Amino acid sequence: GRHDEVASNFGAGPEDDGPTRDPAVRATRSRVQRAMLATLLLAQGTPMLNAGDEIGNSQQGNNNAYNQDNPTGWIDWQQADTDVLAFVQRVLALRREEPALRHARWFQHAPAAPGERSLTWLTPAGTEMQVRDWHDAGQHAFACRIDASPQDALPSQAAPHGGGRHLLIAFNPEASAQPFHLPSGTWEVGLCSAGDLSEGTWGAAHATFAVPAHGLVVLRGL
């Protein structure tokens with residue numbers, strides 16, 4: 001098959017498909033790795049990792065190693081990526097902190113009924129995604145806003161551990177930072193997969209917020 005249609009090695013040519021010493025290629029792959037892990041771990045339902053994903057175990061690219069009783073299918077504990085492990089732990093901690101990230105019911109379209117949460121997909125311009133936006137091949141970045149139920153929307157009435165908080169998850173698979181227009185409210189950074197933004201950074205309503213290249217950012221409403 002033609003792997004170039006389903007994957008990218010982020011290198012300059014075929015020589016970069018697989019292990020490489022090029023620091024730029026390695027840095028890009030690391031950013032994409034963290035963004036993909038965060039996308040999975042913050043999805044609704046039960047997140048499932050293959051054993052070793054949390055420490056960067058790649059099986060050298062072999063995705064069908066069930067019958068490989070050799071180093072291909074073994075977890076290389078000596079080469080465990082502790083930075084990736086720490087990142088996975090942080091994402092899982094955020095999932096525990098924010099009930100909206102482990103919501104057990106179907107999301108409603110905004111505005112939601114009392115006691116329910118709503119979900120809205122947004123373009124980088126802050127407008128609600130339309131069918132044409134999903135099919136726009138020139139724009140890959142988008143955001144997901146998860147709103148608390150109406151009676152929990154005010155910070156003074158928020159449930160413990162942020163139960164009543166609004167969340168905004170911005171996805172930017174582009175090779176450069178992308179500006180996003182923030183919805184109404186005040187927001188703080190809860191997670192930046194690229195590591196370019198410090199947690200706790202504040203953003204004002206309707207301000208332009210730069211989401212890093214190959215990055216996923218979680219903003220929490222204050």
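Which residues of H2 are buried? In this predicted model, they are Val84, Phe87, Val88, Val91, Ala93, Leu94 and Arg95. Helix H2 runs through residues 82–97.

**Helix H2**
- The buried residues of H2 pack against H1, strand E5 (187–192) and E8.
- An α-helix has 3.6 residues a turn, so residues three or four places apart point the same way.
- H2 has 16 residues, which should span 22 Å at 1.5 Å a residue. Its end C-alpha atoms are 22 Å apart, so the two values agree.
- Asp81 caps the N-terminal end of H2. One of its side-chain oxygens lies 3.1 Å from the backbone nitrogen of Asp83.

**Nonpolar cores**
- The largest nonpolar core holds 20 residues. Leu42, Val91, Leu191, Leu216 and Val218 have the most contacts inside it.
- Two or more residues of this core come from each of helix H1 (23–41), helix H2 (82–97), strand E2 (142–147), strand E3 (167–172) and strand E8 (215–221).
- H2 gives the most to this core: five residues.
- Beyond its neighbours within four places in sequence, Leu42 touches Val91, Arg95, Leu101, Leu191, Leu216 and Val218.
- A second, separate core has 15 residues, including Ala141, Ala143, Leu182 and Val217.

**The largest pocket**
- The largest pocket contains about 2,000 Å³ of space.
- Its lining is made of 41 residues. Arg29, Gln33, Gly56, Asn57 and Ser58 lie nearest its centre.
- H1 and H2 each supply at least two lining residues. H1 gives the most, with nine residues.

Definitions and conventions:
Residues are numbered from 1 along each chain as its sequence is written. This is a predicted model: local features need pLDDT of at least 70, side-chain atom pairs count only at pLDDT 80 or more; totals for chains, interfaces and linings use all residues. Side-chain values use heavy atoms; hydrogens and water are left out. A nonpolar core is a set of buried Ala, Val, Leu, Ile, Met, Phe, Trp, Tyr and Cys residues joined through side-chain atoms within 4.5 Å. Buried means under 20% relative accessible area, exposed over 50%, partly exposed in between (1.4 Å probe, protein chains only). Helices (H or I, at least four residues) and strands (E, at least two) are DSSP runs, numbered from the N terminus. Contact means heavy atoms within 4.5 Å. The expected span of a helix is 1.5 Å times one less than its number of residues. A polar contact is a pair of N or O atoms within 3.5 Å; within protein, one must be able to donate a hydrogen and the other to accept it, and residues adjacent in sequence count only if both atoms are side-chain atoms. On a 1 Å grid over the protein atoms alone, a cavity is a set of points where a 1.4 Å probe fits but cannot get out, and a pocket is an open set with protein on both sides within 12 Å along at least five of seven lines; lining residues have an atom within 4 Å of a point. Grid points are joined across faces, edges and corners, and a volume is the space filled by probe spheres set on the points.
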